[in-house]
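Try each task yourself before you read its solution.

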Amino acid sequence: MSGAKNAALPALAASLLTDRPCTWRNVPRLHDVRTMGRLLAHMGAVVEGEEVVRVDASKLKRQEAPYGLVKTMRASVLVLGPLLARFGRARVSLPGGCAIGERPIDQHLKGLEAMGATIRLRGGYVEARATRLAGALIVFDVVTVTGTENLMMAAALARGRTVLENAALEPEVVDLGCALNAMGARISGLGTPVITIDGVDTLAGADHAVIPDRIEAGTFMVAAAATRGDVRLRGADAAHLDAVITKLRIAGADVRIGRAGIRVRGPAEIAPLDVVTQPHPGFPTDMQAQFMVLATRARGQSLLTETVFENRFMHVSELRRMGADIHVDGRTAILRGPARLQGTTVMASDLRASAALIIAGLVAEGRTEVLRVYHLDRGYERIEKKLRALGARIRRIRGGL
Ligand code: EPU
């Protein structure tokens, strides 16, 4: 398994908090990681290496994230907190809409304002200023992963104590907090809904290996279950995958957890599923599309309810074109199976939907062509090579890294 995209991106952004060099290990080779590298370089940081990435942000020329980079990757907004905390100013383009939902950043901005920042929205940009951020009590209205990360980074260099309530519990948030603590931050309560940060004046450099990618692991686990495969995932961390493993077992898969990773054996017959996406430790929204493909194979009625994003069912129409029986009622997709999926040409709408379509292609009769496969390269490292090594007949026709 590769390192986690959603742990690597905030880690790279955290390099902006210090004038000391940072070394990030186990960084996946992904398009989004490169975009974050380009963003840091645009600001004047020196960024070197792949997999082991060194960032030196000692001489920053500008504290700005331009629209051109932010529009290709919303996680660019993660530079806002660090820039404001260390330099007292930041100019970051507003991300705009996204295929899976509106995805506002109001919680990030409200939190920074509570810490004393002045925020202006001008010409599509967030312009933020502060002399020095001050600790504050911040209660999130919704659980937000990057919102928690942004404010945790900002608070690390603020004056006094910040308490984040209703904070995200995702393993990627915990990983970032551990990296910051190793840099000299004083953060406690990681992995709980109340995170306390006692600000310090400066942070040292980092040398940190990011956690393995639980969503990549989950995607391969579903692929194994759906194809009656027998797959061992070296380096996957089962502790981050409780909800996914529980549902796979209900579906009938044999999931074994060992010291070196996880082994999944697909069942002869898949049992129907009832899945509701939730913030961690609930079932991850980033696994919903892949589980929908598994549910097309189940005998009987399955329900998949998406509560995190308002528009994350773009894969439904493509799966229907392949022969799935799916009816969407509000936030719930109702599936009747088993369906015999037929290969055809389908269009990927976002990262996790493209992974789902690849799994659909693996189980479908005949050939499936997935268009707009560039979405896949944002979050899966060499997925077709890894699948080929497991016996899949998959190849890249064109496009990609
Ligand atoms: N929200 C607000 N206001 C805010 C922030 C969020 O209303 O200020 C809402 C969102 O619109 C959404 C919900 O809160 O309905 C949760 O959004 P969250 O902020 O947690 O999402 P995110 O931080 O933008 C991260 C991951 C996503 C993953 C979500 C949910 C990164 C870089 N991205 O996004 O990953 O789906 O958390 O777990 O960490 C992916 O990898 O494919 C991906 C989309």
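**Exercise 1.** In this predicted model, find how many bridges join strand β1 to strand β3, and how the two strands run.

*Solution.* Start with β1, residues 22-25, and then locate β3, residues 53-56. Three bridges join the two strands, and they run antiparallel.

**Exercise 2.** Now work out the order of the strands in the open sheet.

*Solution.* Four strands make up this sheet, and their order is β2-β3-β1-β12, with mixed pairing. Next, look at the edges: β2 (46-48) and β12 (206-209) each pair on one side only. Finally, check the angle: on average, neighbouring strands are turned by 10° against each other, direction ignored.

**Exercise 3.** Describe the surroundings of the ligand: how many residues surround it, and which are the closest?

*Solution.* Count the shell: it holds 21 residues, and the closest are Gln107, Thr144, Thr146, Asp286 and Val308. Sort them by class, and you get nine nonpolar, six polar and six charged residues.

**Exercise 4.** Which polar side-chain atoms lie within 3.5 Å of an N or O atom of the ligand?

*Solution.* Asp106 has a side-chain N or O atom 2.8 Å from a ligand nitrogen. Asp286 places a polar side-chain atom 2.6 Å from a ligand oxygen, and for Arg352 the distance to a ligand oxygen is 2.8 Å.

How values were computed: Residues numbered from 1 in each chain as written. Predicted model: local features only at pLDDT ≥ 70, side-chain atom pairs only at ≥ 80, totals over all residues. Heavy atoms only, no water. Near = heavy atom within 4 Å. Polar contact = N/O pair within 3.5 Å; in protein donor to acceptor, adjacent residues only side chain to side chain. Nonpolar A, V, L, I, M, F, W, Y, C, P; charged D, E, K, R; others polar. Pairing = 2+ DSSP bridges. Axes fitted to C-alpha atoms, helices over the stretch in contact; angles between N-to-C directions.
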